[in-house]
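Please look over the structure shown here before reading the report. The headings below can be read in order.

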Amino acid sequence: MNFWLLLVIQVVVMLALVLTFSLVVIYVELKAGSHMQGRIGPYYAGGKYGWAAPLADAAKFLQKEDLAPAKADRTVFGLAPYVVMMSTLAVFVVIPLGPDLVVVNLDLGVYFVLAISSLSVLGVLMAGWSSANKYSLLGGLRAAAQLIAYELPLVLAVLAVVIQAGTMSLNGIVEAQNDVWFTVGSFDVSLPFIFRGQIIGFVIFMIAAVAELSRIPFDMPIAESELTMGYLTEYSGIRFTMFFLGEYASLIGLSAIAATIFLGGYGFPGVSGDMANYLGPFILFGKIAILAFFIIWIRWTWPRVREDQLQSLAWTWLIPIALANIFVIAVLKVVL
Amino acid sequence: MSDNDAAQDSGRGNDRGAVTEPSPRFPFVGLLKGMGLTFRTMIKRAPVTMYPDVKEIPVPRARGVISLDVDNCTVCMLCARECPDWCIYIEGHKEEKAPSKPGGRVRTKSTLDRFDIDFGLCMYCGICVEVCPFDALYWTPEYEYSTYSLVDLLHNKQKLTEWLATVPEPPYIET
Amino acid sequence: MTDQPTTAEADESTELSALEQYASDLTDRLGATGYDVEFDTVRVFVELDKWVETIVAAREDLELFSWLSAIDWSKTTEVGEGVADPDSLVERFEVLCRLSSVREHNADAAIFVAVLDRSEPSIASLTEFIGGAAWHEREAHEMFGIDFVGNDNLIPLYLPDAFVGNPLLKSYPLIAREVKPWPGDVDVEPMPEPDQEPAADGGAS
Amino acid sequence: MMHRSEVAVSVELQTPDMTINIGPQHPSTHGVLRLIANLDGERIRDVEPVIGYMHRGYEKLSEVRTYAQITALVNRIDWVSGFANEVPFILGVEKLLGIEVPERAQWIRLILSELARISSHLVFMSSYPLELGATTPLMHTLREREYVLELIESVTGGRFHPNFTRVGGVKPNYGGGSQTKKQSMDLPAGFFKQTLETMDRVDQICDDLDTLVTGNEVIMMRTQGVGVIPADKALEYGLTGPNLRASGVDYDLRRDDPYLTYDQIDFNVVTRDTGDCYARYVVRQDEIRESANIIRQAIDMIPAGPLMAKVPRVLKAPPGQVYTRAENPKGEFGYYLVSEGGKMPYRLKIRSTSFSNLTILPWILPGQLVPDLVAILGSLDFVLGDVDR
């Protein structure tokens, strides 16, 4: 088949999967969050359990007038949501859903993922600056500071895995986790990296991921009670929908990276060969769902920390710990 | 002063006994405990009334809306005069009433033409109900009369009379 | 002090009650011009030019600055009921400042009163010593037109910038009551005479 | 003309201050408070609070209303604790008229005041974590508050605005007619049982809040040591209530100047010494527990009896001036009532608590960070109706 046609089909399928899954995550967020608060949440939309609430929400947002402030820098203002959305969705290009189910199997997959996902800070800064709103500006600056600060522990946590796996390809990392680690009797034991001494790295990665996502407890860039909605203040209509969907897509994206790198991706004990190609996506999405639920759970329980506390957490705790983690992993890798 | 002495005699000093004071413990236990609480809440049934499907029944004394018993009203204007917000509008006229038995005295009776309450102005203080000497006004817990426009909140005699059917029995009294 | 309004004073009409004794001592200590105790409320009258130093001295044991406000004693009354006896009234402003004691667990408190000329009301500001007085003085300034010398931030607190007038003056009309006719005016029959017996009959029993 | 080299010296790297309007439409200003803040980065250089967007002129309105009508007005000043606002006013009128109020009425007032305190504090307990970003305590706490409001409603008929006190007691019966006069407004049957159950719920929600809020490390990070108000500053700026007690000043009018029947009740005055936002939160949380205990005691001690003293039908207070105050949920709430012998007061000065509590803003906010501004603002627990009157 034509390479380009195949690529387009793959991208479209991937996009559809991701966006559908985003809607599911939004629904879970609405519903689980409500129940955690002793409420019911969506109830009427779509009949039973309000399952269509995210669709109805999306339809509502699309109907709304697409406003831009009079003094806004229109071009930048209009471009910002697409930059964020693009950087979020591009991540999925290299996420393997199965041994052969991947859009592009890059040798530098980890590098690509980390590089492309940090582009979203550009979009956020653009949004904050171009809105001609002081709250937006403050929010954009906070976001920039935060994303830069947490990019580092994120990368360092992943680096430890790269050292252990000996490859930067995401497929390779998953395969490394499916390889037999040791044998007990006639049992071949293969464990994901989280059980192979990467637990600290995983925790650091998840903390940094929540910060990257600007979700509670690290939601200062949009802190509703301080900056109204930060860089999102002036957005409405389809552009807000882009940001909104982008937020959940990147929630899935980071969960997917975490699942791939630390939890064994599409791999599951006893699933191999062709089976892995068929069951792989479900296994991966199951792992993503668990991580996403965890992030949602935190959001509905904890308050938000302060900007300076967030920075000191990153620079004085996470980064030194992550560096020490790399050191230990590297030593162990050499010794064992 | 005497109150001061009394306060000290009764021994009610300041007791700084800490009730809400976090005890020293392993860090971040509080965060996890909180997550436990939200998870427990999530799997429990939500304590809500599904309002438009299931109606909540207010307590009998609830001051929902004022209803009018036209037969009891003598157009004495007391309610309109005592109203702090001036939101009751009453008009009436006197008409002669035929004597009850032949040869009796011709009596004049006041008839109510207009009795409007502007619930956009009303502050639900209940003074009109309390001052009415003839049991013409009652509170009812009825609450579903919101409108899309402020002017629609001016309710007339007929509407106020309809609400009379919803006046509940007063509750028993704690002894 | 609970609800025993005048009994204490009646019983010891010859002697000073505990409260009056307190007020008297306070007045002597601060060198104020006089005191007045009615309904358990102690008022100490202060000379206008000793206002600030008296309040500051009084805060030694009456630590809490409770509030500051004013009363307009005026013969012209646009709203409500006027004074009982307009003929003998001396038109004036009274500036009141209440301090109360907090550390001793007692109810010691006093309202300090300064009398101001109504034509050119002006009094020294407390803000230098009591920061909390700033907003109270701004309120009194816009409501009564009293000038607080030394408070340089007497911009309106409540009212919009373009507002003219001092609303709490007795001569200031209440527009809401002027633009709307009283619905109670429509008379059908005379109001029933007030009952001789009390309205309430004691409820529960 | 300035020499060229001088110009170069005088130019330094400067970051211009940013003036930002926080409010009147802002999620954390509880209504229509407006703060004009000068920011240097995220640090506040100076701040000018602007109030008055909700000024309703209650002091002026009171001059054209009779004493009976004013009770309906005053429970709208601080609407989250409506009943508590009525008490000092009615005590003042009764003091002017020299009315001895029946015991049972005083106890009912006490119970309702404490219910109002619980309800008001629960609003604070719920909304404060929201400002720090925790959304869940809000729903949990407001859910429990609903039970408290239902208690108030079952007695008075109003959830927020009870308008239940009358000069000489509490509202005795439904109306003035021959039929309605027989319908007593005494506590409805089952009220005590329901109240005791609700008090257990209130204790439970306090325990839950220990888990969700006060025991939460992030909340501690955000509030401990933030917005410290030393005791002398608190007194200078007229702070009262929990805000003052959190600064270590042991001052509670319920004990120090007892009104109603508080002198017969055994309770603790809750204080903390640190004076920070955390202390202000914890003081209120403990006060809820104390209030629940007060209500339990009151239910044991309430006597039977009439609800109203004998009062004349047309109330005319004798000339005089009286200041009465009460310990409201938010602090000292007082009325300076000047009567000239008429049916209406000559002047009614309302000493509203939130107004005095907010006067400290220009002192405390400069130098703080924007997130701390939100934390401090919330911890002062104000209601704009109470500020603007």
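This report covers the chains, some of their contacts, and the confidence of the model.

## Chain A

This is a predicted model. Chain A contains 12 helices and 2 strands. Read from the N terminus, its elements follow the order α-α-α-α-α-α-α-β-β-α-α-α-α-α. The globule rule gives 20 Å for 336 residues, and the radius of gyration of chain A is 20 Å, so chain A is as compact as a globular protein of that length. Along the principal axes, the C-alpha atoms of chain A fill a box of roughly 70 × 50 × 45 Å.

## Two helices within chain A

Two packed helices are described by the angle between their axes and the distance between the axes. In chain A, helix 10 (residues 237–262) and helix 11 (residues 274–299) have axes that come within 9 Å and cross at roughly 120°. Because of this angle, helix 10 of chain A counts as oblique to helix 11 of chain A. The crossing of helix 10 of chain A and helix 11 of chain A is right-handed.

On the side of helix 10 of chain A, the contact is made by A:L251, A:I252, A:S255, A:A256, A:A258 and A:A259. Helix 11 of chain A contributes A:L284, A:K287, A:I288, A:L291, A:A292 and A:I295. The residues of this contact between helix 10 and helix 11 of chain A comprise 10 nonpolar, 1 polar and 1 charged.

Helix 1 (residues 3–36) of chain A and helix 2 (residues 29–43) of chain B have axes that come within 7 Å and cross at roughly 100°. That angle makes helix 1 of chain A roughly perpendicular to helix 2 of chain B.

Which residues meet in helix 1 of chain A and helix 2 of chain B? From helix 1 of chain A they are A:A32, A:H35 and A:M36, and from helix 2 of chain B they are B:T38, B:T41 and B:M42. By class, this contact of helix 1 of chain A with helix 2 of chain B has 3 nonpolar, 3 polar and no charged residues.

## Chain D and its contacts

Chain D has 16 helices and 8 strands. A compact globule with 389 residues would have a radius of gyration near 21 Å, and the 23 Å of chain D agrees with this. Its C-alpha atoms fill a box of roughly 95 × 50 × 35 Å along the principal axes.

Towards chain A, 26 residues of chain D are in contact with 22 residues of chain A. Elements giving two or more residues to this side of chain D include strand 1 (18–22), helix 5 (103–131) and helix 6 (136–156) of chain D. The side of chain D that touches chain A has 15 nonpolar, 7 polar and 4 charged residues. Towards chain C, 60 residues of chain D are in contact with 48 residues of chain C. Among the elements giving two or more residues there are helix 4 (82–97), strand 6 (320–328) and strand 7 (331–339) of chain D. By class, the side of chain D that touches chain C has 26 nonpolar, 14 polar and 20 charged residues.

## Confidence in chain C

The average pLDDT of chain C is 77, and 83% of the residues score at least 70.

The pLDDT is below 50 over residues 1–13 of chain C, a stretch with 18 contacts in the model beyond near neighbours in sequence. Residues 195–205 of chain C also stay under 50, and the model has 28 contacts for them beyond four places in sequence.

How values were computed:
Residues numbered from 1 in each chain as written. Chains lettered and ligands numbered in written order. Predicted model: local features only at pLDDT ≥ 70, side-chain atom pairs only at ≥ 80, totals over all residues. Axes fitted to C-alpha atoms, helices over the stretch in contact; angles between N-to-C directions. Helix = DSSP H or I, 4+ residues; strand = E, 2+ residues; numbered from the N terminus. Parallel < 35°, antiparallel > 145°, perpendicular 65-115°, else oblique. Left-handed = near helix turned anticlockwise from the far one by under 90°. Contact = placed C-beta atoms within 7 Å. Nonpolar A, V, L, I, M, F, W, Y, C, P; charged D, E, K, R; others polar. pLDDT = per-residue confidence, 0-100. Rg over C-alpha atoms; globule rule 2.2 N^0.38 Å.
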